[in-house]
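Dear colleague,

I am handing over the structure below, and the notes after it set out what was found. Please read them with the coordinates open.

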Amino acid sequence: MHIKETFPELYNIRRPVKREEIRARLEEKTGKEYWRSLEELADSGQFEDFLHSEFPRQAGEWDDEVGRRTFLKLMGASLALAGLTSCSYQPPETVVPFVRQPAELVPGKPLFFATAMPFPGGAAGLLVRSNEGRPTHAEGNPDHPTSGTPERPAGQRVAATDSFSIASILSLYDPDRSETIKNRGEIRPYTAFLGEIRTRLDEMRGRQGAGLRFLTETVTSPTTAAQLKAILAAFPGAKWHQYEPAGTNSASLGAQLAFGQPVNTVYRFDRADRVLSLDSDFLSCGAANLRHARDFAAKRRVGEGKTDMNRLYVVETTPTNTGAFADHRFSIKPSQMELFARALAAALGAPGVSTDGAQYQNVAHAQHLLAIAKDLQSARGRSLVVAGEHQTPAVHALAHAMNQALGNVGQTVVYTDPIEAQPVDQVSSLRELVGDIEAGRVEMLVIVGGNPVYNAPVDLAFTKERLDKIRTPDGKDGLRIHLSLYDDETSELCHWHIPETHFLESWGDTRAHDGTVSIIQPLIAPLYKGRSVNEFLAAFTDKPEQSGYDIVRDYWRTQRLESLVASQPAVVAQATVPEGAAGGNNTHGGNTHGEGAAGANAAATPSPAPGGSPSPTPSATPNAATTRTAAAPANFDEAWRRVVHDGVIPGTAAAARSVSVSGNWAANLSPAQPASGGGFEIIFRPDPTIYDGRFANNGWLQELPKPLTKLTWDNAAYMSLNTARRMFGLNENDYTFKGREYNAPLVDLRYRGQTVRAPVLIVPGQPDDVVTVTLGYGRTRAGHVGTSTEDKPLGFNAYRLRTSDAMWQGTGLEVVPTGDEYLLAVTQLHFNMEGREIVQSNTLREYVEGGGDASHNVEGGASVATHEGAAEVVGKETHKLPGPNDTLYPNYEYTGYKWGMAVDIASCVGCQACVIACQSENNIPIVGKEQVARSRHMHWLRVDTYFKGLAENPEGAHFMPIPCMHCEVAPCEPVCPVHATVHSAEGTNDMVYNRCVGTRYCSNNCPYKVRRFNFLLYQDFETPSLKMMRNPDVTVRSRGVMEKCTYCIQRISYARIESEKEGRRVRDGEIVTACQSACPTEAIIFGDLNDQNSRVARMQHDRRNYSLLAELNTRPRTTYLSAMRNPNEEIHGA
Amino acid sequence: MASRVDEPHDDLIHVTPNPVIEPGHTAASVTDKISALVLKRKTPLAWYIGFFISFSLANVLMFTIAYLVTTGIGIWGNNWPVGWAFDIINFVWWIGIGHAGTLISAILLLLRQEWRTSINRFAEAMTLFAVACAGLFPLLHTGRPWLAYWMLPYPNTMNIYPQFRSPLMWDVFAVSTYASVSALFWYVGLIPDFATLRDRAKNKAFKVVYGMLALGWRGSARHWHRYETAYLLLAGLATPLVLSVHTIVSFDFAVSQLPGWHATIFPPYFVAGAIYAGFAMVLLLTIPLRKFYGLEDFITLRHLRNSAKIMLATGLIVGYGYMMEAFMAWYSASEYEGFMMKNRIWTGPYWWAYALLIITNIIIPQILWSKRARHNTAILFIVSLVISVGMWLERFVIIVTSLHRDYLPGSWAMYRPTVFDFSMFVGTIGLFFTLLLLFIRFLPAISIFEMRTILPGAAPKEEG
């Protein structure tokens, strides 16, 4: 309300003075009269009033009823406003910052807190940045066994993050998250829920809780498991079921099959020289894979004296990142995978496998089978066979048998206790639950997380009719309760919906892929009235209102946390296997080799701060080291403080188990038969970006191009080029390879009585007559972003084709073209390099012999030669490229820093975590499907993918992350008419958003096309919660301006300021760009090129280093290291 | 100087030579006839219809601009990597059209080509309006047009000057200079005619307005002397602009390093293309004008024929340009250039644009070799229309097909115009014709006093 309306009297004081009045007054006067205003002259009553009560007037209003009310109104409003701003988002319990103490909190300086994101198959440890109490960015915790490598010397700590963890920041602030407790659609207080539960539980107590059922996702949290077990103890008739639509169920069934007991398999890629993947996508994005990818890439990396490489064979049924990365990739139909595995197991002499080779003659790729077997056998104990999570239990068991035959157990494969609190066959568990519901044995179903109504297999679907059978024995309505982040499909069919807290706003604990426990600590008080899983489960106990903090602490108090911590005095020394046990696996060259075993010594040496933190301070680094080497904690509180600080509880890694494959495990397996008859085979996979559908409302993940297909905002039925040609008569000019818009043909997928309509996407490398569909789309109640409607479809629901007996693959699919088309938003339409030298690739032999890449070695690049003055490379015969002095103008001189980046294509697995990390760090908006289809996506960093070989069956693909090249002679700079993009004194190419008028000339003239333009107002300036999410150090761009990668200039400035305060130079490794911090394989290295010992300078001096489009003489300071392959010559020649 | 222009070339076969003005006219009749268009003659119904249509289209432009400025240029189809599309195509197209006007009025004046006299006024007006339409695009194609003044060098608190290395900056100077010189040239040329209209107007309002515009012109010898000097000077100023403006516009492309843009042949090739398109537009406008207003006496077949010859000549230069682009793509041995050409001509998704371009710009205009075609107004009109389309396509081919496939295949994408791309373009056509129709209605479309000088009986005033 305008003040004029609130206080009209203030505006009415100056009543217009009439001339007659004044004249009349003047006529009365005699002599000299002074008057201050016409009002006084006219002797108006209002002037009197004004004169006497100019200030006291308001005070006088206390006597006036109406005036007092308006006054109170205003005061009340301002109080309310004051209250709003004073809202505290720091949770009330003590949280411990990773680097600095809360007492040191300096406004404007971020703090980092260790926490972990629970995820099926193992959690990722995180360091989450908090700006003034708001979590804004997630990076990996270097001390965590999944996201970091704690066994390494302190100086070389690196951490990584997966895209799901990074994008969880957006989920936290998602305005569509459920905010209120709902009972049958009505908003209710939590006490009402507790009341109803109490009544019901009391009724059921007499029956031992016979009708009580809990349905959870895979539980790895020790606290949650303890709570559930306590509840089950109190209600012996109750049952706990677990169902995870995309979990690792097959793997545990496979272990059960091979060993007779469930075990967790920990792969040690850092020791494997020969790796065979049977449909395992161990390099793709996903928490547990962070460690796999990093170890694998480290083993693969050559340079700085290391000239050995591992070799990867991939046999896969649908193209994956791992297959793209393989030295030898074999595409195979899903029905033939088990046959292939058996044949190979037979060739390797695996226990329990018939060696009768005759029946395997018809196996696909049989001609290469022996060569693979020979190669694996040549590396006994250093080889590794990995079965994919989604392969059948038999294939898992065969992989175990092969690893045993190859002597890998205990070397590259370590078996441990399961990380699940209670490993069960989840499909049977769900089947049992549904059976109980059908039989009327369930009267209260408590669904803790998950979304079974959406993602249960069709034959076990949670339909309304089925759920209505949940009744009390006396025929009354049963109770269905759902705890979840969103008011989703399942919530709709439940009586009670309780909003769940996000993991960044709740206490908890979770296990990593090797079993190590992390305490989940909140960075912010719950934004809405949510309950954590532990708090929710407390409702079923005697202490229903217990806080999550107390529950988790109390659990660990009972576990004698202090003695756990005391047994492991330093995190650094936590290495379960001493570094160097398997020779030559230190990937960082000779100078630091061997320090790893030094343990505590290494931690005490001055070192760059943890890789994940852009705010390392020297004062913090010794502190951190001190903490790690500190004496055993005296009491629980001290131990608690330490584990919360470090983000891991030492000594909680799952205990190793020694198991062996029983000799006759395969006896009761039905003999594998190739699928008979024609028709299509179908493969289900979790979606690479929105997983099982839980991230459907996360715009970052929706818009993240899916690896290999570059599809966004949709799923599709993947088909091979041959199949598509046969079905639609398409040639490659129509789709993908010639880069038209992707109007995909729509087909009906008919499978086991169900029909789903899906667009077809041609994916190179897909086996013929096999259709892959990804799960997670077609949500009906996901939120504004993820809900698929009639007019705005967002993918199709592949769960509707999935049955419990064939969770991941099946035969008998029918594909019926409909003649309709559907627009897919694909960010890369052209996967062919057109013969250009974009991704340069060598084999190991070429590299070792030294001839392979010399001609591509761009010494003339901005990065190396100008500084050394060794620029004159003209005359070197192999060098056809322009040198830095081929110009009339003097070169820039860099007396201070000279930033540069090197990207090792040989390490990039294309997981796209860097893209999301960049998006989160740099406040990059999402643009929506329609705009992506118009080719206006905003990602500053893209990962271009180029297939190698024929489109029908490519040998693999290369991934090429493309950030801004920060060219020394940047084509964008001279064409900007307003100086909006300029060269900095440290060599970066800076973009001045405020100066940009948006001519887009810079983008047209950029040969790398790394600039992004705000064609419309993409940024959401309205939603309050999203404002909290943004990185305060990065400008939020509005429409009409160009933007691009800045090398995370805010992090550079931060480190520079910190170093200047201490009168030193920025140390190598002190600045970590967002993409670098996320990268699981250390493919992206950033640093100072003026420092010849910096890692980036050393990489740019590598023989494999080259500049992209060097012939244009742009002299980019982001350079690439050529891709490497290590083919088996026995196969290669074939 | 001869009182009558000789007809040396066309008379190899016997046809009636086309004079620049039909016989039988006197100074008085010329003045009467032309000034009557403005002062006496009833505005024809066709004018109202034409004005209604073009003014409606101009309003479409206004709405598009309003939506554009409030929403962002995302309403167009421009994307990444095709950062420029219809906006710059239309800009270059309009600027090119303007060139014929300046060429006719300035260069042909200096070359003493009297036949220019009856069409120069009209052509200059066309130039001015085309530049007005063209000028809209560079302004509105920016992401934040309200800040486009940052491209002007003005003293400011930010202490930043524009970036003089950028061709866009040169564009700002070239186009603004061009617009001011053209406007001045046009206005100065109009002054004696304003005086004529002032003297002949019966309507008081017309008298006052024309009187003010005539700047007190009385036709004294001194006036004439100064007028001639000023006019010649302005012609001298405008002449280099004919060459420089489009040269600089071509630098927008030639200076960049995109295959398909980065070519040294661009300046001459663009200038030729501009004149080509400009003469096509002159014919496109003159042919109906002389018909509807009965000006066949003043704008004779000779004008049309000469224009057609210029089109033929410049069209061949443009064709040579196309050949050289293809040749250089091969001769440079650059794989990017080679790919660009191949993609442009046959393997790419926009091959049809290139095919149409060759048909419209090169093949069809060859009909102008025939004298009969040159004398047939219908054919000339159609050919001019085809060339106008062709020159638009040429810019489409240069801009869009070069951008959509550049160096890294991973960033390739397609361009699709939206309805607002078209409404903006059609809207500027509406604006152009609105201005042109107003011009025809209120100003002498043909220079009265200059026409008097080329009357058969008029004595030469002075020697060069």
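In what follows, buried means under 20% relative accessible area, exposed means over 50%, and partly exposed covers what lies in between, with a 1.4 Å probe and protein chains only. This is a predicted model, in which local features need pLDDT of at least 70 and side-chain atom pairs count only at pLDDT 80 or more, while totals for chains, interfaces and linings use all residues. Residues are numbered from 1 along each chain as its sequence is written, chains are lettered from A and ligands numbered from 1 in the order in which they are written, and side-chain values use heavy atoms, with hydrogens and water left out.

Chain A

The secondary structure of chain A amounts to 39 helices and 38 strands, where helices (H or I, at least four residues) and strands (E, at least two) are DSSP runs numbered from the N terminus. Of its 1134 residues, 63% count as buried. Taking a contact as heavy atoms within 4.5 Å, residues 24 or more positions apart account for 75% of the contacts in chain A that have a separation of 6 or more.

A:Ala24, in helix α3 (residues 19-28) of chain A, counts as partly exposed because its relative accessibility is 35%. Between A:Ala24 and A:Phe119 there are 95 residues in sequence and 89 Å in space, C-alpha to C-alpha.

A:Thr501 belongs to the loop between β16 (496-499) and β17 (508-511) of chain A, and it counts as buried because its relative accessibility is 5%. Its side chain makes a polar contact of 3.3 Å with the side chain of A:Ser506; such a contact is a pair of N or O atoms within 3.5 Å, of which, within protein, one must be able to donate a hydrogen and the other to accept it, and residues adjacent in sequence count only if both atoms are side-chain atoms. A polar atom of the A:Thr501 side chain also lies 3.3 Å from the backbone nitrogen of A:Ser532. Leaving aside residues up to four places away in sequence, A:Thr501 touches residues including A:Arg177, A:Leu485 and A:Pro526.

A:Gln912, in the loop between β28 (899-904) and α31 (913-921) of chain A, has a positive phi near 75° and is buried, with a relative accessible area of 2%. A:Cys1048, in the loop between β34 (1042-1043) and α36 (1049-1061) of chain A, has a positive phi of about 50° and counts as buried at 6% relative accessibility.

Chain B

Helix α13 (residues 377-404) of chain B has 28 residues and reaches 40 Å from its first C-alpha to its last, close to the 40 Å expected, the expected span being 1.5 Å times one less than the number of residues. Of the 28 residues of α13(B), 21 are buried, and at its start a side-chain oxygen of B:Asn376 comes to within 2.9 Å of the backbone nitrogen of B:Ala378.

Helix α11 (residues 351-363) of chain B packs against α13(B) at an angle of about 145°, with the axes 8 Å apart; axes are lines fitted to C-alpha atoms, for helices over the stretch in contact, and angles run from 0 to 180 degrees between N-to-C directions. Among the residues that meet are B:Trp352 and B:Leu356 in α11(B), and B:Met391 and B:Phe396 in α13(B).

Finally, the peptide bond from B:Trp80 to B:Pro81 is cis, with omega near 15°, and B:Pro81 lies in the loop between α2 (45-71) and α3 (86-110) of chain B.

With best wishes
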